[in-house]
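Here is my note on the model, in numbered points. Please keep the structure open while reading.

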Amino acid sequence: MNLHRLRALVAKELLDLRRNRAALLPVAISTLAFLALPLFIAIGVPLASGQPLGDDADLARVSLAVGVHPELTVDGRVQLFLFEQFLLVFLLMPITGAMALAAHAVVGEKVARTLEPLLATPITTAEILAAKVLGAMLPTFGITLAGLALYLALVAGAADAGVLAAILNLRTFAIAVLVGPAAALVSLQGAILVSSRVNDPRTAQQVGVLIILPVAALIVAQFMGAFWLTAADLALIAAALVALWVALLLVSIALFDREAILTRWR
Amino acid sequence: MIAVEHLTRVFGSRLAVDDVSFGVGGGEIVALLGPNGAGKTTTMRMMAGLVSPTGGTVRIAGTPLTRANAGALRARIGFLTEAPGLWDRLTVRENLRVFARIYGLPDAERAVDETLDRFGLRDRAGGRAAELSKGQRQKVALARALLHGPDVLLLDEPTAGLDPEVARGVRQLFLELRAEGRAVLLATHNLEEAERIADRVALLRGRLVALDRPLALRERLAAGRVTILVRGDATALLPAVRRNAPDAVAEGSVLHVPVADAGRDTPALVASLVAAGAAILEVRPEVPALEDVYLRLIGPDGGQA
């Protein structure tokens, strides 16, 4: 893979997005929505109902999944549990917003008839596909990280004392820096694979949205208390996701039929 | 510089390009003519390594184009696609810059600047591609195809949509590119353009129907008639002419005389006219226009005549 070519195309993707900021609106909206939700549940509901979270015996018991944390009150531990639960969701949900970008990536170029001049250069299929994934992922990741900073700032301002310090751990780091980007790579690569096989942006987008299903399953499973992922688990998941991304990239390359795209898409 | 040998492409049951062989040398312009669906674009795409031939080979500077070396060889080709294909939200400069970097030009900015100057696009450099007129878009696309200084240029309808002044400038550019030793293949529907600038013309209709210099093509299909301009009314000379050419006709002071071989038969014809007292002002073989040749070989409705 030629990094100069890859960088050139990624830069084009980013520039194109900068000129079309509205395309990032779904990412920003989902980030803000999932920023508000945990605050509402962990802070707003107890305030409104006058019933501290720690009074709920089940919640207090389940919250032990995050560890005993003797420095925190029971309320604080439940808040930590909720904020950590939502963290994974918070970091994954913006990916669904980026789906539209990725789903449009190849078929959009074809419809605009900008793909053929690009294919006539020495650029390889792997470079095109990787650039498309990075072009959708980097701004999404940037928005997500900005959202994370805001999330932590709100935790610092609204949660009990010590919750912020407790949330700044290896697990949070693993979610933010490893699992989030790796999951984004897999999801966006999947959307781009779809994008290179259909001939209508709307179809690509509809199929791409199906990628939300595994994310939704993860959310439900977490809240059912089905599992608690440690930092080591998360690192392994991230490694598996990266391997899956590489496999998906290879499949995408194999299925990216330049000739069919040029001669059969109308 | 670029040559195709027995190039064939089948799409499903449709034979799009059938056993086509020709070459374009350095410093040569070849015009590819043919009706819609004649296989011009498919031929160019095969030459650019974008579509694989079902049979035959493409050679660039003697090297056969393969799947393995297509990327490297594409760096030697400038391909102007049928549609300009510019990224609308990017400026003209940004469009060119992306390609300059993809081609790995050592000084991308300088190459972009030089290209902008060459095409007179400097004042448009900061404008978004979406704001350009059709002609300007085509010009930018052409600039993009030339950005990396390719040896071979494959140009699909390069002057389509350009106003006459710009089209003339573009044609002048092709002549400059020829003078620089580049091989230029241009697909066009503009017969006048082909005749004006092409060294050779390839008539394509799935198969290669004809390939030659424009004048040679016209001469090859000459009607086999000689036009003779005489002083006064030519009708009086008809009896003398019709002794050897019964189908000769007169129109005012012009005689149209069918001959089997203009080179062989004209001297005797002129001698007989002079003997009959004709004052001959001009004698020339009738050569059809390229358009006539095209229509005769390809047919007015795209069907082979």
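1. Two strands count as paired if DSSP finds at least two bridges between them. This is a predicted model. With that cut-off, strand β7 (residues 152-156) of chain B and strand β8 (residues 183-188) of chain B are joined by five bridges. The two strands run parallel. One of the residues to look at is L154(B), whose bridge partner in β8(B) is L185(B).

2. Now the whole sheet. It is open and has six strands, in the order β6-β7-β8-β3-β9-β10 (chain B). The pairing is mixed. In general, strands of a sheet pair through backbone hydrogen bonds, either parallel or antiparallel.

3. Which strands stand at the edges? They are β6 (77-80) and β10 (207-212) of chain B. Each has a single partner strand, so one side of each is left without a neighbour in the sheet. Neighbouring strands of this sheet are turned by 15° against each other on average, direction ignored.

4. A helix packs here too. In chain B, helix α1 (residues 40-47) lies across β3 (28-33), β7, β8 and β9 (200-205). The helix runs at about 155° to β7(B).

5. Next, the contact between the chains. On chain A, 23 residues are in contact with 26 residues of chain B. Three helices of chain A, α1 (3-18), α5 (115-119) and α12 (258-263), each supply at least two residues of the side that touches chain B. The largest share, seven residues, comes from α1(A).

6. What is the make-up of that side of chain A by class? It has nine nonpolar, six polar and eight charged residues.

How values were computed: Residues numbered from 1 in each chain as written. Chains lettered and ligands numbered in written order. Predicted model: local features only at pLDDT ≥ 70, side-chain atom pairs only at ≥ 80, totals over all residues. Helix = DSSP H or I, 4+ residues; strand = E, 2+ residues; numbered from the N terminus. Axes fitted to C-alpha atoms, helices over the stretch in contact; angles between N-to-C directions. Contact = placed C-beta atoms within 7 Å. Nonpolar A, V, L, I, M, F, W, Y, C, P; charged D, E, K, R; others polar.
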